[in-house]
Amino acid sequence: MLVGSSGGHLAQLLALEPWYRNRSRSWVTFDTPDARSLLDGEDVVWAYHPTTRNVRNLIRNFGLALRQLRRRDVAAVVTTGAGVAVPFVAVARLLRIPTIYIEVYDRIDSATLSARLCRPFLSAMLVQWDEQLRMYPKATVVGNLL
């Protein structure tokens, strides 16, 4: 299951296409025009948004995560953030589903809030720049996705 906010987070997940091309997958993102266009023909679950400072949607996304992760045969949750990642990563970890967070490429000086919140629940933390290892010392550098 690939989880990410629409826009740049989704673009970075889409860059993983050579990896997921021959794998069954589902997506979780926001129902926006760009996401609808980019994910046309894919199995998509539309998450509640906005997520920034919106406790109601955070709670709704926890419920969505619980329903979707229990209903589907999910081998792993892979995410680039942002707010929608937190409930899916936390619930996946509670259900013993591996969780992988890929820090976005444009944050090399400070950790993103979603990465900090997800960190305790992660099976693996991946970064795109060597400089990001300062914030995530045990992460694995995978290089730029875009």
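This is a predicted model: local features need pLDDT of at least 70, side-chain atom pairs count only at pLDDT 80 or more; totals for chains, interfaces and linings use all residues.
Local features need pLDDT of at least 70, side-chain atom pairs count only at pLDDT 80 or more, and totals for chains, interfaces and linings use all residues. Residues are numbered from 1 along each chain as its sequence is written, and side-chain values use heavy atoms, with hydrogens and water left out.

**View 1. The cis peptide bond between His 49 and Pro 50.** Omega is about 5 degrees. Pro 50 sits in the loop that runs between strand S3 (44–47) and helix H4 (55–71). Helices (H or I, at least four residues) and strands (E, at least two) are DSSP runs, numbered from the N terminus.

**View 2. Arg 53, a non-glycine residue with positive phi.** Its phi is near 55 degrees. Arg 53 belongs to the loop between S3 and H4. The residue is exposed, at a relative accessible area of 82%. Exposed means over 50% relative accessible area, computed with a 1.4 Å probe on protein chains only; buried means under 20%, and partly exposed lies in between.

**View 3. The cis peptide bond between Gly 81 and Ala 82.** Here omega is about -5 degrees. Ala 82 is placed in the loop between strand S4 (77–81) and helix H5 (85–94).

**View 4. Arg 96, a non-glycine residue with positive phi.** Phi is near 65 degrees. The loop between H5 and strand S5 (99–102) holds Arg 96. Arg 96 counts as exposed because its relative accessibility is 77%.
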